[in-house]
Amino acid sequence: MMAMRRNKHVFVQKPLTHTVYEARMLAKAALEYDIVSTPENRLRNIEGYRDYQTLVAELEQLSINYPDIVELISLGNSTCYDYFLEGKTAYEDFQHEIWCVKLSDNVHINEDEPNIYYAGGIHAREPISVEVTMNLLNYLVSNYATVDSIANWINNTQIWFYSFPSLRK
């Protein structure tokens, strides 16, 4: 059980291992609690944050709008996609390809320049990290032509973005 305490109120995310013992411990401590997530209603797409389809569409649009500095690269299938291909139907909703973006002035050439990596969404249920990396990516590409320091950075490095909403069940 994972819990967040606010004064005398506890917000509980109930994983599959939630036990009667844990519920008794909360009651014994005289704490009120709400179960905010159960195995049946796991939050996959959280309002206000990008979901998988929105993220991929945005990455595709960036590569179309800025073809001289943005390259969208497939890293292959997610493990969940491979599980589904093996016949594990529980992964039907997770048939995702993994994408990354290369940002550089010679985007289709592997140059002998420093590489910088930004990763978001590495851990499940951390949607803000996806938003931070996407905001940085959008800021850099939209200011490349107008801000000298950004142009200099992109022209002299290869910047990689890996950013994914949770792909786990």
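Author: A charge sits over a ring if NZ of Lys or CZ of Arg is within 6 Å of the ring centre and within 35 degrees of the ring normal. Here the charged end of K88 lies over the ring of Y83, 4.6 Å from its centre. The model is predicted: local features need pLDDT of at least 70, side-chain atom pairs count only at pLDDT 80 or more, and totals for chains, interfaces and linings use all residues. Residues are numbered from 1 along each chain as its sequence is written, and side-chain values use heavy atoms, leaving out hydrogens and water.

Reader: How many aromatic pairs does the structure hold, and how is such a pair described?

Author: One gives the distance of the ring centres and the angle of the planes. Rings of Phe, Tyr and Trp (its six-membered ring) pair if their centres lie within 6.5 Å; planes under 30 degrees apart count as stacked, over 60 as edge-to-face and the rest as tilted. There are three aromatic pairs in the structure. The pair of Y117 and W160 is stacked, because the ring centres are 6.4 Å apart and the planes stand at 15°. This pair links distant parts of the chain, with Y117 in strand 6 (residues 115–120) and W160 in strand 7, 43 residues apart. Strands (E, at least two residues) are DSSP runs, numbered from the N terminus.

Reader: Is W160 buried or exposed?

Author: Buried means under 20% relative accessible area, exposed over 50%, and partly exposed in between (1.4 Å probe, protein chains only). W160 counts as buried, at 19% relative accessibility, whereas Y117 is exposed, at 61%. Of the 169 residues of the protein chain, 36% count as buried.

Conventions. Helices (H or I, at least four residues) and strands (E, at least two) are DSSP runs, numbered from the N terminus.
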